[in-house]
Each structure stands twice: as structure tokens, then as C-alpha cells.
Amino acid sequence: MIVKHLEDVLGTDADVDTEGWNSRRLIYKDAGMGYSVNDTIIKPGAELTMEYRNHLETVYCIEGEGEITDLATGQTHAIRPGTIYALNRHDRHILRANRGTHMRMVCVFNPPLTGREVHDETGAYALAD
Ligand code: 9YT
């Protein structure tokens, strides 16, 4: 059994901080679960264009407010605590956190992240192997 607390990850290699987001990688590839789980902060006012060509991702908002735009349809959906979205078609999208509030998201990736990924220029993460 693997038991951790967010505090065990803060400040380690699995705490990945970028300009727009801070992803705390709680469960990743080494755990052998077939998926990874992150506790991610989207920083206030951040606007992130992403397209996970190599991964499926489900995201559950537990704090803050923002929106997501599906770039295939142009449709924008509000996000608030309790909103979940699943990028079941590797959907290219823009994620925005409202100004003045961060969003805190629980992110599940299949296949699992190794723990260190940052986005490439297309908004994707490379496959681990
Ligand atoms: C929600 C989202 O896609 N944020 C970007 C960071 C990524 N999800 C991660 O590695 O936690």
C-alpha cells in the first residue's frame, strides 16, 4: 500500500512549478497503478493552451473558479468546485483561472506521468517510454 500526504511531496522533484501552474505529483508511474494523480494549482489569471496527444486526462476542480474552452467547438464551460472534465478525445483546449483566484485541480493521467513532465511547445507531455 502507498500512503502519502501532500506535505510529503512539497519541495521535492515531484513538485513541479511553472509560470502558470504548480503540479504536485502524488501518484506517478513508479507506483505501477496504470494512472497518475496530481494535486495541481492553476495560478490566478493563468491561460494555458494544452493538447495531451499522448495522454487521457480527467480533471476535478476542488477550489477556485475559471473556465475551459474546447478549441474544436469553440464552446466555453465555467469551472467551479465540483466541476469535472475528461479530455476523452485528447481535446485541444484553453484552461483559464479567473484573476484573483487560483484553481486547485485533481488531475488523473493515463498513461501515468513519471512525475517530472512539463508541457512541450504543442501543449503535450511526452510519453515516458
Ligand atoms: C489541469 C491541467 O491540465 N493543468 C496543467 C498541469 C497538468 N494537469 C499537471 O501536470 O498536473
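Patches are made of residues with over 30% relative accessible area and no salt bridge, with like charges joined within 9 Å and nonpolar side chains (Val, Leu, Ile, Met, Phe, Trp, Tyr) within 5 Å. A salt bridge here is a side-chain nitrogen of Lys or Arg within 4 Å of a carboxyl oxygen of Asp or Glu. Accessible areas come from the Shrake-Rupley method with a 1.4 Å probe, and for residues only the protein chains shown count as cover.

This is a predicted model: local features need pLDDT of at least 70, side-chain atom pairs count only at pLDDT 80 or more, and totals for chains, interfaces and linings use all residues. Residues are numbered from 1 along each chain as its sequence is written, and side-chain values use heavy atoms, leaving out hydrogens and water.

**Exercise 1.** Find the nonpolar surface patch that includes Y35, and place Y35 in the fold.

*Solution.* Start with the members: M33, Y35 and V108, which together have about 240 Å² of accessible area. Next, look at where Y35 sits: in the loop between β2 (21-27) and β3 (36-42). Strands are DSSP runs (E, at least two residues) and helices are H or I runs of at least four, numbered from the N terminus. Last, check the cover: Y35 has a relative accessible area of 33%, so it's partly exposed (buried is under 20%, exposed over 50%, partly exposed in between; 1.4 Å probe, protein chains only).

**Exercise 2.** Work out the surroundings of S23.

*Solution.* First, S23 lies in strand β2. At 1% relative accessibility, S23 is therefore buried. Now its side-chain partners: a polar contact of 3.0 Å goes to R25, and another of 3.3 Å goes to T40. (A polar contact is a pair of N or O atoms within 3.5 Å; within protein, one must be able to donate a hydrogen and the other to accept it, and residues adjacent in sequence count only if both atoms are side-chain atoms.) Finally, skip neighbours within four places in sequence, and S23 is in contact (heavy atoms within 4.5 Å) with A14, D15, V16, N38, D39 and T40.

**Exercise 3.** Which backbone features stand out at P111 and H90?

*Solution.* Take P111: the peptide bond from N110 to P111 is cis, with omega near -5°. P111 is in the segment after β10 (103-110). Then H90: its phi is near 55°, a positive value in a residue other than glycine. H90 belongs to the loop between β8 (84-86) and β9 (93-97), and is partly exposed at 29% relative accessibility.
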